[in-house]
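Today I looked up the pocket and the ligand in this model. My notes follow.

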Amino acid sequence: MSRIGVLISGRGSNLQALIDAESRNDLAGEIVIVISNKSNAMGLERAAKADIATAVITKKSYPIREDYDIRVVEILKEHNVDLVVLAGYMRMFTDVFISEFKDRIINVHPSLLPAFKGVNAQWQAVDYGVGISGCTTHFVGLEMDAGPIIKQKTVNVFPDDTGETLAERILKEEHKLIVESVRLFCEGKLSIDSRKVIINN
Ligand code: GRF
């Protein structure tokens, strides 16, 4: 069974989707540690409630980016983590992290990548005037929101949408997509061929 470490920064609803999937035996993996860069992240309470170990690593205690990542890697290794899931983790990585977990980091992003990278993707989509947006799961490399795409799901954007209403609609799909993607990884069904992810069924 794959051992999963989840990194969060806030609310943790994607983390909750993973916790719920695990409790239904629908994840093919076990969440063994949740790490947050914010001490007040609501996701920490969700993890504690599910009896999952937690750690908080703040920028204040590790102001140098490499040192920060070294500490996170240490904790993930202490827990023998096979897969790292970024569930609303709002920090960039250094090579220290990426090289340690190459092809073993999955992120969920609230747009159809490569459109609307970075923060506030749902607001960017509304402001741009697109009729369709969605969400993407992908493997993580050094370049932000640019790694090989695992799965995508489209979501309609309506003329009266705000960033908030679109974010809410996309979030429901993120919860399904992250669970499906993590399950595929844990079942050993994902392989990467340069930019492309192949799903072996
Ligand atoms: C999600 O929309 C995720 O895609 C984005 O930040 C949000 C996190 O939500 N990166 P939550 O913390 O999982 O509830």
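I checked which element gives the most to the lining of the largest pocket, and α6 has the largest share, 4 residues. Helices (H or I, at least four residues) and strands (E, at least two) are DSSP runs, numbered from the N terminus. A pocket is an open set of points on a 1 Å grid over the protein atoms alone, where a 1.4 Å probe fits, with protein on both sides within 12 Å along at least five of seven lines; lining residues have an atom within 4 Å of a point.

The model is predicted: local features need pLDDT of at least 70, side-chain atom pairs 80 or more, while totals for chains, interfaces and linings use all residues. Residues are numbered from 1 along each chain, and side-chain values use heavy atoms, without hydrogens and water.

I noted about 860 Å³ of space in the largest pocket, a volume filled by probe spheres set on the grid points. Its lining has 36 residues, and G88, Y89, M90, V108 and P110 are the closest to its centre.

Next I looked for the ligand. The ligand takes up space that is the largest pocket (more than half of its atoms lie within 2 Å of the grid points). The residues around the ligand (a heavy atom within 4 Å) include R11, G88 and E174.

Then I listed polar contacts (N or O pairs within 3.5 Å). A polar side-chain atom of S13 lies 2.5 Å from a ligand oxygen. A backbone N or O atom of G12 is 2.8 Å from an oxygen atom of the ligand. For N14, a polar backbone atom is 2.9 Å from a ligand oxygen.

Note on methods:
A polar contact is a pair of N or O atoms within 3.5 Å; within protein, one must be able to donate a hydrogen and the other to accept it, and residues adjacent in sequence count only if both atoms are side-chain atoms.
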